[in-house]
Structure formats: C-alpha cells, structure tokens
Amino acid sequence: SETLQYWASMFNILSIISNQQTPNHQDHLSIPECFDILTTVWNYSNARMGMPSLQLEFRYDPGCMIAFSGRIVRHGVHAVEGDWIAWAWYMR
C-alpha cells in the first residue's frame, strides 16, 4: 500500500509503557522468529528487567535498549523509582 512507502520501521507494532511495572509475561501475539526491541527514557532509577526463564536480571537504566524474543523469553520490569517511558517495538 502507499502508506508502507513512508513507514520508517520494519516493526509493525509500537507499545508505549509509562510509569508502571510489568509482571513477568510472554508476548503471545508477537512473532517468535523476530526480536522485540525495548528502549527506555526519562528520569528514574533502580529499574530491573528480569528474564526468569533464562535466570537473568539486567539493570534497566535510562537510555537502555534490550533486544530479545518476547514471545519465547518470559520477562518483566520491577522496582522503578521515578518517571519513565519505554518503547516496545515488535512484529505481529
């Protein structure tokens, strides 16, 4: 379609999350063969991205970018202090 000529991203879904924790979950509507990209901004501290199925936990500082398959890897964000926004780009 004509709109696709101007679409600047290969991802077709964008979710914006603001000032909330996300419990551990998997994104059952995303495509397992594609990575999701999560990017954070604003003024916050002590955020952690947990991936319990991989037994991993990462610091999730402002400006951080994480790529993984949200369909396959169970994940969540906990204990955010301050104001924050996350962009989650993924494919359906």
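**Notebook: cysteines, strands, core and pocket**

I began with C34, which counts as partly exposed at 23% relative accessibility. In the terms I use, buried means under 20% relative accessible area, exposed means over 50%, and partly exposed lies in between, with a 1.4 Å probe and protein chains only. C64 comes out as buried because its relative accessibility is 18%. I then looked for disulfides, a disulfide being a pair of cysteine sulfur atoms within 2.5 Å. The structure holds zero of them.

**What I am working from**

The model is predicted, and local features need pLDDT of at least 70, side-chain atom pairs count only at pLDDT 80 or more, while totals for chains, interfaces and linings use all residues. Residues are numbered from 1 along each chain as its sequence is written, and side-chain values use heavy atoms, with hydrogens and water left out.

**The chain as a whole**

I looked up the secondary structure and found zero helices and eight strands. Both are DSSP runs numbered from the N terminus, helices being H or I over at least four residues and strands being E over at least two. The pattern along the sequence reads β-β-β-β-β-β-β-β. The C-alpha trace spans about 45 × 30 × 15 Å along its principal axes. Of the chain's 92 residues, 32% count as buried.

Next I looked at contacts, meaning heavy atoms within 4.5 Å. Among those between residues at least 6 apart in sequence, 77% join residues at least 24 apart.

**The core**

Which residues touch the most other members of the largest nonpolar core? They are M49, Y60, I66, F68 and W84, out of 17 residues in that core. A nonpolar core here is a set of buried Ala, Val, Leu, Ile, Met, Phe, Trp, Tyr and Cys residues joined through side-chain atoms within 4.5 Å. Two or more residues each come from β3 (36-45), β4 (48-51), β6 (65-68) and β8 (81-90). I noted that β8 gives the most, with four residues. As background, nonpolar side chains tend to be buried together in soluble globular proteins.

Not counting residues up to four places away in sequence, W84 touches I17, S18, N19, Q20, T40, V41, W42, Y44, Y60 and V77.

**Along β3**

T39 is found in strand β3. Its relative accessible area is 17%, so T39 is buried. Beyond its neighbours within four places in sequence, T39 is in contact with Y60, C64, M65, I85, A86 and W87.

W42 also has its place in strand β3. Its phi is positive, about 115 degrees, although W42 is not a glycine. W42 counts as exposed because its relative accessibility is 56%.

S45 is another residue placed in β3. With a relative accessible area of 32%, S45 is partly exposed. S45 and V80 are 35 residues apart in sequence, yet 6.2 Å apart in space, C-alpha to C-alpha. V80 is one of the contacts of S45 once neighbours within four places are left aside, and the others are A79 and E81.

**A loop residue**

I found a positive phi at Q55 too, about 55 degrees, although Q55 is not a glycine. Q55 is in the loop between β4 and β5 (56-59). At 74% relative accessibility, Q55 counts as exposed.

**Y90 in β8**

Is Y90 buried or exposed? It is buried, at 14% relative accessibility. Y90 has its place in strand β8. Leaving aside neighbours within four places in sequence, Y90 is in contact with F11, N12, I13, S15, S30 and D36. S53 is 37 residues from Y90 in sequence and 20 Å away, C-alpha to C-alpha.

**The largest pocket**

My last entry is the largest pocket. On a 1 Å grid over the protein atoms alone, a cavity is a set of points where a 1.4 Å probe fits but cannot get out, and a pocket is an open set with protein on both sides within 12 Å along at least five of seven lines; lining residues have an atom within 4 Å of a point. The largest pocket has a volume of about 210 Å³, where points are joined across faces, edges and corners and the volume is the space filled by probe spheres set on them.

I counted 16 lining residues, of which I17, H25, L38, H75 and A88 lie nearest the centre. At least two each come from β1 (13-18), β2 (22-25), β3, β7 (75-78) and β8. The largest share, four residues, comes from β8. By class, the lining has nine nonpolar, five polar and two charged residues. Ala, Val, Leu, Ile, Met, Phe, Trp, Tyr, Cys and Pro count as nonpolar, Asp, Glu, Lys and Arg as charged, and the others, Gly among them, as polar.
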